Amino acid sequence: MLYTQTAAKLFGVAVRIVGQREEAEEVLQESFVAVWQRAGDYDAARGSATGWLTTIVRHCAIDHLRRRAGRPESRSAPEDLLLKFAAGESTDRGAELSVLQRCLGELDEQPRRAVLLAYVYGFTREEIATGCAVPVGTIKSWIRRSIERLKRCLDG
Amino acid sequence: MRYDDPELRELLAAEYVLGTMPSRSRRRFERLIASNPVSARAVGAWADRLAPIDTGTPAEEPPGRVWCAVEARIAPGSAPPAPAHGWFGSLAFWRGLAVAACAAAAGLIIYVAAFPGRIGPPTPEVVAVLADQSGDPSWIAIVGPQRGEVSVSAVRAQAEDTRHSFELWGITGGAPRPLGLLRPQSGSAAIIRAAQLPPGDLLAVSLEPPEGSPTGLPTGPVLSRGKVLLTPP
């Protein structure tokens with residue numbers, strides 16, 4: 001049931017970011033209305049449909065958090081998600097993940113955490129700065145450097 | 001801002017995907033990618049580079065009421081905006097459709113386009129999408145309405161005349177067998193027995209005389225085709 005898998009994967013991502021199912025339902029709803037409105041923007045030459053759909057869902061979830069101006073309390077460390085998968089089977093997806101994990105592993109610990117907190121939980125630069133007790137400008141440069149290093153590592 | 005600087009473009013695309021852009025900058029950047037294919041490709045590439053992180057997140061079944069709510073927010077009878085860059089028109093997309101896990105999500109969108117008033121639990125399961133030669137979907141096969149049945153209907157009304165009919169064929173190993181005549185009006189479905197549609201089979205629609213092909217094989221041009229994506233219950 002391909003359809004079910006896609007919807008469930010996207011819902012899982014929404015739950016992960018907003019932290020609870022009821023709000024994730026709203027996010028998924030927003031997302032599919034956005035998909036409806038923006039179907040004309042999608043082009044397979046610009047990346048996978050799954051990537052496109054996931055980006056829409058993640059942005060809707062992030063907007064939801066920003067409107068709420070607060071986030072769920074309990075969060076597992078974002079690294080746990082990577083480790084949990086790495087322990088699993090070696091699918092094609094697993095190979096891609098292990099490359100990404102190796103490249104993330106080449107980053108310094110704090111910048112890596114900043115990147116993962118942003119991607120996995122939708123943290124803003126300000127929230128990461130508060131958590132790390134550093135200025136927002138530091139987070140910006142961590143993320144900028146991490147992006148450059150990740151790109152070199154992943155494409156190299 | 002100088003969006004033509006490749007380094008800046010990469011940085012903005014990655015920050016867009018990471019989600020660290022302030023809301024207003026993100027909206028501005030979204031307007032840019034709508035008109036700038038190079039930036040749009042950079043965004044797609046970053047989404048795919050980081051996507052493996054999501055494989056560590058458990059999937060969760062969304063409740064059917066989500067789709068009811070989506071339905072309620074899409075104006076009844078409306079059609080999605082005409083694709084500028086070929087979501088529907090892209091051949092590469094349709095080639096990928098038969099194998100990629102995104103098939104059914106696309107199917108949902110096509111389903112929404114074809115039946116704006118009929119979304120709701122149980123969620124529609126897309127059996128096949130038949131595209132014409134330019135890659136535009138013309139027919140969609142979904143599960144139901146009864147168990148063991150598949151419903152095939154036109155995504156948009158097909159040009160109709162009294163001298164022709166549209167006949168559906170199932171093709172296994174290159175050998176076509178007739179599955180019945182389709183209804184060219186949008187929203188009107190033909191019912192096919194699910195057992196006649198093994199997954200991986202090719203479905204095709206040909207133009208035939210009003211009563212269907214007299215020979216048991218297609219006699220007119222093949223107008224659209226698509227693969228059976230899942231086994232209907």
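**Helix packing and strand pairing in a predicted model**

In this predicted model, helix 8 (residues 136-155) of chain A packs against helix 1 (residues 6-18) of chain B at an angle of about 105°, their axes lying 10 Å apart. Here axes are lines fitted to C-alpha atoms, for helices over the stretch in contact, and angles run from 0 to 180 degrees between N-to-C directions; helices (H or I, at least four residues) and strands (E, at least two) are DSSP runs, numbered from the N terminus. The two helices are therefore roughly perpendicular to each other (65 to 115 degrees). Helix 8 of chain A contributes A:Ile143, A:Arg144, A:Ile147 and A:Lys151 to the contact, and helix 1 of chain B contributes B:Glu10, B:Leu11, B:Ala14 and B:Glu15 (C-beta atoms, placed from the backbone, within 7 Å).

Residues are numbered from 1 along each chain as its sequence is written, with chains lettered from A and ligands numbered from 1 in the order in which they are written. Local features need pLDDT of at least 70, side-chain atom pairs count only at pLDDT 80 or more, and totals for chains, interfaces and linings use all residues.

Turning to helix 3 (residues 49-68) of chain A, 14 of its 20 residues are buried (20 or more other C-beta atoms within 10 Å of the residue's own, all placed from the backbone).

In chain B, strand 8 (residues 222-227) pairs in the antiparallel sense with strand 1 (residues 126-132) over 2 bridges, pairing being called when DSSP finds at least two bridges between two strands. B:Arg225 of strand 8 is the bridge partner of B:Ala131. Strand 7 (residues 202-208) of chain B also pairs with strand 8 in the antiparallel sense, over 5 bridges, and there B:Ser224 of strand 8 partners B:Val205.

Note on methods: Angles under 35 degrees count as roughly parallel, over 145 as roughly antiparallel, 65 to 115 as roughly perpendicular and the rest as oblique. Two residues are in contact if their C-beta atoms, placed from the backbone, lie within 7 Å. A residue is buried if 20 or more other C-beta atoms lie within 10 Å of its own, exposed if 12 or fewer, and partly exposed in between; C-beta atoms are placed from the backbone.
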